[in-house]
Amino acid sequence: MNSKADPVEIDHDKLCRYIRDTLRMTLIEFSYSIGKSKSYISGLAQNPRVPVPVYNLICERCRVPFSFFEVVPDKQMKVTKVENGPALSPELLLMLKSLSDSMIAIEKRLSAMDTVIEAVGGEVSKVLQKCSANTLQIERVRDALDKLSMSDYDRAETYLKASLADGDRIASDILANAEAEGIKTAELMKAKNRMGIRAYTTGYGKSQKKWWGYKEGGIK
């Protein structure tokens, strides 16, 4: 780069593209961010030569190497030879710099997209959780409505089928649970008889227990 005393000629088009595409700022916003008037950056189109401190500040604000926006004088635009490699023309060097700029811009955009996707994923998860909770509530309401639409006898029969699904049960437990669920004893006994449920006793004295269970051929 030029000496500290000499102004630096800046590549105005490249700077503007970088500000808009990579930093996602307007020229006015960037001008203010480096402590200049709102038309400072746009004014460089007429006079792209800037003091070294200002040029350094622009590069620091853009987080790029200090040679990034500098215009190389024609006398320095010679064929460049890479160490232990073929010579590179100025046109190829410009293409490589442009490709590097594009890669940097793409990387930043991908990073921004990752942030957005992560945020959206969190919101989707919350929505799915709410939907799941709402589904459970709907099922509970539906079950309650089904019970309300059933007759007293239907409720008693459904209760007995569920109670004896795993085998015989102690009669007192069946009656107590039925009462807790608001099932009438008369309807329960009617359903017991129609379903072919038998009552029997086991044990003697204090250990005696009364059971309900299906008879052979009963309605299960």
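Predicted model: local features only at pLDDT ≥ 70, side-chain atom pairs only at ≥ 80, totals over all residues.
Me: Why would residues three or four places apart point the same way?
Reply: An α-helix has 3.6 residues a turn, so residues with that spacing point the same way.

Me: Which residue just after helix 7 takes a positive phi?
Reply: That is Gly182, where phi is about 80°.

Me: Changing topic, which residues touch the most other members in the largest nonpolar core?
Reply: That core has 24 residues, and those touching the most other members are Leu15, Ile19, Phe30, Ile41, Ile58, Cys62 and Phe69. The elements giving two or more residues to this core are helix 1 (12-22), helix 2 (27-33), helix 3 (40-43) and helix 4 (52-62), and the largest share, six residues, comes from helix 4.

Me: What does Ile19 touch, leaving out residues up to four places away in sequence?
Reply: With those set aside, Ile19 touches Arg24, Met25, Thr26, Leu27, Phe30 and Ile41.

Me: What about the second core, how many residues are in that one?
Reply: The second core is separate and has 15 residues, including Tyr159, Leu164, Ile183 and Trp212.

Me: Over to the surface, then: which residues form a nonpolar patch there?
Reply: The patch is formed by Leu92, Leu96, Leu99, Met103, Ile106, Leu110, Met113 and Ile117, which together have about 760 Å² of accessible area. Leu92 lies in helix 5, which spans residues 90-149, and Leu92 is partly exposed, with a relative accessible area of 33%.

Me: Stepping back, how many helices and strands does the protein chain have?
Reply: The protein chain has eight helices and seven strands, and of its 220 residues, 25% are buried.

Me: How much accessible surface does the protein chain have?
Reply: The accessible surface comes to about 15,500 Å², and carbon and sulfur atoms account for 55% of that.

Me: Last one: among contacts between residues at least 6 apart in sequence, what percentage join residues at least 24 apart?
Reply: For the protein chain, that figure is 53% of those contacts.

Terms used: Residues numbered from 1 in each chain as written. Heavy atoms only, no water. Helix = DSSP H or I, 4+ residues; strand = E, 2+ residues; numbered from the N terminus. Buried < 20%, exposed > 50% of the residue type's maximum accessible area, 1.4 Å probe, protein only. Contact = heavy atoms within 4.5 Å. Areas by Shrake-Rupley, 256 points an atom, 1.4 Å probe, with all protein chains shown as cover. Patch = residues over 30% accessible without salt bridge, like charges linked within 9 Å, V, L, I, M, F, W, Y side chains within 5 Å. Salt bridge = Lys/Arg side-chain N within 4 Å of Asp/Glu carboxyl O. Core = buried A, V, L, I, M, F, W, Y, C linked by side-chain atoms within 4.5 Å.
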